Structures are given as C-alpha cells and as structure tokens.
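Hi everyone, thanks for coming. Let me put today's structure up on the screen, and then we can walk through it together.

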Amino acid sequence: MESRESGGPVMTTSSATVGAAPGYRPSATLPFWAEFRRQASRRRTQLALGFMVLLPLIILIAFQFDSGDDDDNGGGEYASLVEFATTGGLNFTLFTIFVSASFLLVVVVALFCGDTVASEASWGSLRYLLAIPVPRARLLAVKLLVALTYSALALLTLAGTALLVGTLRYGWSPLRSLVAAELAPGEGLLRLLAVLGYLAVVMLVVAGLAFLLSVTTDAALGAVGGAVLLWILSSILDQITALGVLREFLPTHYSNAWLGLLSTPVQTDDVVRGCVSAICYATLFWGLAFWRFTRKDVTS
C-alpha cells in the first residue's frame, strides 16, 4: 500500500484496502457525529453560536435607549427596517437578519469552513488523521458537511433567538417593510423562512472559498480572513457601475436579492439568478479544494 504522505501517487479506494486489517472499511472512518461532537467541544464553535444568541439581545437592549427624538432612525439604507423593527417579533427578526447578512454571517461561515482543515494542519494532527487511515476524500467530505451544518445552525440560532425575544418584547404582529404591503404573521413567517433559505444558499460561496483556502494553507486565520477579504472586495467591485455587465458575474452581485422575497408580488428573478450563481461558485471552489487536497503532501 502506497502512501501520499511522502509525495507518492494517490491511493485509490481499491488499493487502500489491500493488506488492510480485517474489518477495515474506509466508509466507517471518521463518522459524521464523531466530528460533529469534536467540533462542538471547540471554543470557537461555542463562541460563534453564543454570539448568535447574544446579538439579538444586544440589539433589543440598544432599542431600549431610543429616546424617540431621531425621526429618521439614522437615515440611509437602514432607515426603513429600523422604523419597523420595534413593531413586532417578525419585524425585529427581519432587522436582525438585515444588519447581520452583509458581514457577520460571512465571518461566521468563513470561520466554520476556513478553520476546519487548516487548524488540523497547524496543530500537526492532520497527518495522524490520514494515518488512521481516513481516506482524504472522506476526511474532506465529513469536515465540509460538519462545517456547513454548524453554519446553518448559526443562521437558525440567530433568527430563532431574534424571533423569540422580539415576539416576547414587541408581540406577534404582521410583517411590514417599505417594499411590500403588510403581510399577515403566518405569511410573514413563511417569507422570513424563504429569506433564510436564500441566505443559506448565498453563504455557500463563502463556505466554498473558505474551504478552498483551508486546504491550501496551514494558517486558519489566513483562510478565514482571506475568504472574508475576498468577499468584501467583490462587494466593493459590485458598486463600480463602470464594470457594467461584468458585475453580474461577481459572487456578491445577488447577495441582497432576498429583499425581493419581501415585495408584493414576490420578485424571484434575481433570487433564481443568485441561487444559480452561488451554487456554481461553491461547486467550483469545493471541486478545487478536493482536487488540491488529494494531491498535496501533508507534512503537518
């Protein structure tokens, strides 16, 4: 059996089992729930999920200091959502999602997906996982699935906490915004779920980019920071109208298309384009990550 740790040829599934111990099955190595529990014990996972609970509480407390003298709630892009944030739990949740989607969620997803492999390499434990032996493709697949699971859990935790505390404080009222007529609470909740679903798809781009950087470098901070910086760069370029139609190919171009899900009638054209763009980018990044990792020499 040949090993890739010294730079030899890639080990196939069929050759990997030749001469293996009786009962060894590559598919039984590194179970999903074992990795899930392992990541749950890490401080960064606990802090990230804890902050998803804490942020709505911070926003709620901040609203208690509102004197009512600021007529436009600070004006600008946030004015419409701030105006309605205190009129019901659904509106409070919508505001929380709005202020979190452009940066906080990007950082959290990049943290879960960018830290997962690079941290193993920085600790020197990656080669020992491969020596168990865990097939490289399975190692990446399990780590990616766990990272995506925690990313989705963070999004649901943020929205669920905001909905709970907002409803307890402001009541269960119709969903309102300046891009739609007033929506009944039931329909408003469905619209919010659709928004969360779209954001989850958009965040796949961040997940793919962070995961690609994670298998490329041994520095977890570099993988996380690199993904966030590239996302910010794409957002900046998307504001340059001189780029014309080229902006449509940027991964962040449709990041705010979820606002169309709140309009009356629902606008889904950009939502569909955004989903297609995100899935294409994520698939490309994940494909490059698997291609790179199955061919690199792991020495750490």
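Among contacts in the chain between residues at least 6 apart in sequence, what percentage join residues at least 24 apart? It is 77%, where contact means heavy atoms within 4.5 Å.

Before going on, a word on where this comes from. This is a predicted model, where local features need pLDDT of at least 70 and side-chain atom pairs count only at pLDDT 80 or more, while totals for chains, interfaces and linings use all residues. Residues are numbered from 1 along each chain as its sequence is written, and side-chain values use heavy atoms, leaving out hydrogens and water.

Now the overall layout. The chain has 11 helices and two strands; these are DSSP runs numbered from the N terminus, with helices being H or I of at least four residues and strands E of at least two. Of the 300 residues, 46% count as buried, meaning under 20% relative accessible area, with exposed being over 50% and partly exposed in between (1.4 Å probe, protein chains only).

UniProt, in an unreviewed entry, lists residues 47-65, 92-118, 139-168, 188-212, 219-237 and 271-291 as "transmembrane region". Those positions are in the numbering used here, with feature names shortened, and such annotations may be inferred rather than shown by experiment. Take residues 139-168: this span is 100% helix and 0% strand, and its end C-alpha atoms are 43 Å apart. Residues 219-237 are 95% helix and 0% strand, with 27 Å between the end C-alpha atoms.

Let's go inside. The largest nonpolar core has 79 residues, and those touching the most other members are Phe 92, Phe 112, Leu 139, Tyr 198, Met 203, Trp 258 and Phe 293. Helices supplying at least two residues each include H3 (43-63), H5 (89-101) and H8 (136-170), and the largest share, 16 residues, comes from H9. By nonpolar core I mean a set of buried Ala, Val, Leu, Ile, Met, Phe, Trp, Tyr and Cys residues joined through side-chain atoms within 4.5 Å.

Have a look at Phe 92. Leaving aside neighbours within four places in sequence, its contacts include Pro 56, Phe 63, Gly 166 and Tyr 170. Gly 89 is in helix H5, and its relative accessible area is 0%, so Gly 89 is buried. Gly 89 and Tyr 170 are 81 residues apart in sequence, yet 5.8 Å apart in space, C-alpha to C-alpha.

Beyond neighbours within four places in sequence, Thr 116 is in contact with Arg 44, Lys 143, Phe 211 and Ser 214.

Finally, the loop between H10 and H11. Pro 265 is found there, and the peptide bond from Thr 264 to Pro 265 is cis, with omega near 0°. Leu 243 lies in that loop too, and Leu 243 is partly exposed, with a relative accessible area of 32%.
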